[in-house]
Amino acid sequence: MSLHRSKTRLGSILERAEAGTPLSEAEIVRLLSIVQGGERDALFAAARRVRTKHTGNRVFLYGFVYLSTYCRNDCHFCFYRKSNLQSLRYRKTHADVVGVAQILAESGVHLIDLTMGEDPVYFDKNRFEGLADLVGSVTEATDLPVMISPGLVDDGVLALLKGSGASWFACYQETHDRALFQKIRPGQDFEARLEAKRTAKRVGLLTEEGMLSGLGESHADVARNLVAMGQLDTDQVRVMSFVPQTGTPLWNTPPGDPAEEVKIIAIMRLLFPDRLIPASLDIGGLGGLKDRLDAGANVITSLVPPGEGLSGVAQTSLDIDDARRTVASVEPVLRDCGLTSATKAEYRRWVENRMDQNLGA
Ligand code: SF4
C-alpha cells in the first residue's frame, strides 16, 4: 500500500469514528499500528475533538483511598498478591478512611474511590456490612459520589453497597483473552467477574472496566479486548500499562510501553465517545499526565493525599509523599492542556444523567 493510500485510509477511519460510526476490529488494528508522528498527531487531535464534543474542557478528579492491601488472591501482576512476602500490608480503620476522604473532598476532588484487595476480613465469611457502613459514612462526610472496588462480590453485596450510597462499582478483567486471564489471575472465574459488572449495572450502579497493556499482547488481541469492553457497555473504561512488581512471578517481564497505553486511550476515546476515560497518576505520576490528557482522557485518577500512609496500586509510592498526586499539583497541567477541573455540581450531574440513561436502556 502506498504511503498516500495509507494516509487516506487513516483519514477516513478517523472521520467515520468522529461521526460516531462503530469501527471494525481491522480498523482498530490500523489505529493501533500508528507509530509515526503525523499519524499519531491526527489520532490524538481527533480524540480531543470527540472529548470536547461530550465533556467540553472539563475534567473530573478522583481521590483514591487504598483502604486494605490484604488480598486472598494471587494475581501474577500484582504487588499485593497474597503470596508476596515483600508486599506492604495495612488495613485502615473506619475513622482513618473517613478522615482521608474528607481531606480529599476539601482539596477539591469530585469522587472518592475506595479500593481494596479481596480482604479475607470481608470475604472469608462474606460479611460486608462493615464496608457498607464505611461507604455510607464517606458519602455522608464528603457529600461526594463514591466508587467502590471491593473485588468479586456477589449480587447481595452489590445491592448492599448500592443501598449504602455507592455510585460506582469498579472491577477490571485486565484482559478479555480467557487463556491470558487464567494465567494472570490463577484460580479466578472469568465469567463471574464479567457477570458482577452486569449485575452491578442492574442494581443501578455505574460500572468501570479496565485492561492492562504490555503483557505481550498483539494489536489484534488489544482490538479484541476493546471490542469486548464495548460490549460490556460500562460507564468508565481504563487502560493502564503493566508495571513489573517486586516479589511477583512477572517481576522479570519488561514493563508495558507508556506510548502504547496513551495510544489506546486515544482509541478508546473514539470508540467510547461519551464515556469517562481516566488518565491515571498511578503509572507515570505527574510527569505522565499531560500525554494522557492530550490523548483524550477526561478524568484524573489516583489523587492520593501525602503523609497518610496510603499506597498506590501499580506504583506503590510514586509522587505520593512529595504531594505530586494532589489537586493543586494537577491544576497547572490541566491549564497547559487547555482544560479545567469541573465543578462538584457538574460531576454530580454527569453521574445522575448516566444513571438515568442506564435505567432507560
Ligand atoms: S489485583 Fe486485586 S485481586 Fe488480584 S492480587 Fe491484587 S489486590 Fe488481589
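Which element gives the most to the lining of the largest cavity? The answer is β6, with four residues.

This is a predicted model, in which local features need pLDDT of at least 70, side-chain atom pairs count only at pLDDT 80 or more, and totals for chains, interfaces and linings use all residues. Residues are numbered from 1 along each chain as its sequence is written, and side-chain values use heavy atoms, with hydrogens and water left out.

**Stop 1: the largest cavity**

Select Thr115, Tyr172, Glu174, Arg238 and Val313, which lie nearest the centre of the largest cavity among its 42 lining residues. A cavity is a set of points, on a 1 Å grid over the protein atoms alone, where a 1.4 Å probe fits but cannot get out; lining residues have an atom within 4 Å of a point. The space in the largest cavity is about 730 Å³, a volume being the space filled by probe spheres set on the points, with grid points joined across faces, edges and corners.

Next, colour the strands β1 (58-68), β2 (111-116), β3 (146-149), β5 (206-213), β6 (236-241), β7 (278-280) and β8 (299-303), each of which supplies at least two residues of this lining. Strands (E, at least two residues) and helices (H or I, at least four) are DSSP runs, numbered from the N terminus. The lining of the largest cavity divides into 21 nonpolar, 12 polar and nine charged residues. Here Ala, Val, Leu, Ile, Met, Phe, Trp, Tyr, Cys and Pro count as nonpolar, Asp, Glu, Lys and Arg as charged, and the others, Gly among them, as polar.

**Stop 2**

**Stop 3: α10 and α11**

Two packed helices are described by the angle between their axes and the distance between the axes. Select helix α10 (residues 219-232) and helix α11 (residues 258-271): their axes come within 12 Å and cross at roughly 40°. Axes are lines fitted to C-alpha atoms, for helices over the stretch in contact, and angles run from 0 to 180 degrees between N-to-C directions. α10 is therefore oblique to α11; angles under 35 degrees count as roughly parallel, over 145 as roughly antiparallel, 65 to 115 as roughly perpendicular and the rest as oblique.

Show the side chains of His219, Val222, Leu226 and Met229 on α10, and of Glu260, Lys263, Ile264, Ile267, Met268 and Leu271 on α11, which make the contact (heavy atoms within 4.5 Å). This contact has seven nonpolar, one polar and two charged residues.

**Stop 4: α2 and α10**

Glu25, Ile28, Val29 and Leu32 of α2 meet His219, Ala220, Val222, Ala223, Arg224, Leu226 and Val227 of α10.

**Stop 5: the largest pocket**

A pocket is an open set of points with protein on both sides within 12 Å along at least five of seven lines. About 250 Å³ of space lies in the largest pocket. Select Pro22, Leu23, Gly230, Leu271 and Phe272, the closest to its centre of the 14 residues that line the pocket. α10 gives the most to this lining, with four residues. By class, the lining has 10 nonpolar, four polar and no charged residues.
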